[in-house]
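Here's a quick briefing to read with the model open beside you. Take it topic by topic, and find each residue as you go.

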Amino acid sequence: LDNSNFVQLLENLPDKIELSLDLSSNPLGNISCGNDFIYNNHGFKAELNLEIPLSVYAHNLTLTDTIDFNLKKPEGYNIKNGSITLIADNGFPFSSAVQIFLLDNNNKITDSLFVQSNMINAASLDANNKVISGKRSIIKIPVSSQKLDKMYSAEKAIVIARFNTEHQGQYIGVYKDYSLDMKLTGDFNMLVNDN
């Protein structure tokens, strides 16, 4: 790529690339008794297979999203306390620090789900910096009755994730088969009313 403008071409973020080629047949002349010619009644086919993965070096790359949050207070029983568990199966070559803030109806932060940012571990890489296996991270979040009240009154949540490449200082390819699956589970202590 030293004598090419290929990098500048890709920095334009094209959604299509068309190629035009000039082809010279028999540049050395007839050197095989007529066996190196293309004839009109025979087709000519050429293919180009090219793999260009997104290549990233991330140092505290921060992605933020605001989502609707609607946790209804249950009727007939009270939840006293408990815990929420975030289970993340990470197939990306990035570790991620995650934080979730709760917002009221005025879009003001009322609380955070995590006491501190929690780390989702990066997937395991081979010698070529390709993912060979995903990693599971389990993050437990204690939930007090005060935090539950703030969760009931929250209308939105801000999810903030900071990403870092597994091998700092190196660009790592990102492929279409990489994925990050997350789910939340809960374990709570409840008081049932005897009405």
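What follows is a short tour, from the overall layout down to single residues.

This is a predicted model, so start with the confidence: the mean pLDDT is 82, and 89% of the residues reach 70 or more. The protein has 195 residues, and 29% of them are buried. Its secondary structure comes to 2 helices and 12 strands.

**Layout and confidence**

- Reading from the N terminus, the elements go α-β-β-β-β-β-β-β-β-β-α-β-β-β.
- Helix 1 has the lowest mean pLDDT among the elements, at 75, while strand 8 (residues 131–133) has the highest, at 93.

**How strand 3 pairs up**

- Strand 3 runs antiparallel to strand 12 (residues 180–192), and 13 bridges join the two.
- To spot this pairing on screen, look for Gly-82, which stands opposite Phe-188 in strand 12.
- Strand 3 also pairs with strand 9, again in the antiparallel sense, over 9 bridges.
- For that pairing, find Leu-86, whose bridge partner in strand 9 is Ile-139.

**Salt bridges**

- The structure holds 2 salt bridges.
- One of them joins Arg-136 to Asp-89, with the closest N and O atoms 2.7 Å apart.
- That pair links distant parts of the chain: Arg-136 is in strand 9 (residues 135–143) and Asp-89 is in strand 3 (residues 77–90), 47 residues away.
- Asp-89 has a relative accessible area of 28%, so it's partly exposed.
- In the other bridge, the side chains of Asp-111 and Lys-147 meet at 3.4 Å, N to O.
- This pair also spans distant parts of the chain, with Asp-111 in strand 5 (residues 109–112) and Lys-147 in helix 2 (residues 145–153), 36 residues apart.
- Is Asp-111 buried or exposed? It's buried, because its relative accessible area is 19% and the cut-off for buried is under 20%.
- Lys-147 is buried too, with a relative accessible area of 11%.

**Aromatic rings**

- A search of the whole structure turns up 5 aromatic pairs.
- Phe-92 and Phe-94 make a stacked pair, because their ring centres are 6.3 Å apart and their planes meet at 20°.
- Phe-92 is partly exposed at 22% relative accessible area, whereas Phe-94 is buried at 10%.
- Tyr-175 and Tyr-178 pair edge-to-face, with 5.7 Å from centre to centre and 70° between the planes.
- Tyr-178 counts as buried, at 9% relative accessibility.
- Ring pairs tie Phe-92, Phe-94, Phe-163, Tyr-175 and Tyr-178 together into a cluster.

- Leu-9, Leu-10, Ile-17, Leu-19, Leu-48 and Ile-52 make a nonpolar surface patch of about 560 Å².
- One of these, Ile-17, lies in the loop between helix 1 (6–11) and strand 1 (54–56).
- Ile-17 counts as partly exposed, since its relative accessibility is 46%.

- Asn-60 isn't a glycine, yet it has a positive phi of about 55°.
- You'll find Asn-60 in strand 2 (residues 59–68), where it's partly exposed with a relative accessible area of 41%.
- Asn-129 is another residue other than glycine with a positive phi, near 60°.
- Asn-129 belongs to the loop between strand 7 (124–125) and strand 8.
- At 13% relative accessibility, Asn-129 counts as buried.

Terms used. Residues numbered from 1 in each chain as written. Predicted model: local features only at pLDDT ≥ 70, side-chain atom pairs only at ≥ 80, totals over all residues. Heavy atoms only, no water. Patch = residues over 30% accessible without salt bridge, like charges linked within 9 Å, V, L, I, M, F, W, Y side chains within 5 Å. Areas by Shrake-Rupley, 256 points an atom, 1.4 Å probe, with all protein chains shown as cover. Salt bridge = Lys/Arg side-chain N within 4 Å of Asp/Glu carboxyl O. Helix = DSSP H or I, 4+ residues; strand = E, 2+ residues; numbered from the N terminus. Buried < 20%, exposed > 50% of the residue type's maximum accessible area, 1.4 Å probe, protein only. Pairing = 2+ DSSP bridges. pLDDT = per-residue confidence, 0-100. Phe/Tyr/Trp six-rings, centres within 6.5 Å; stacked < 30°, edge-to-face > 60°.
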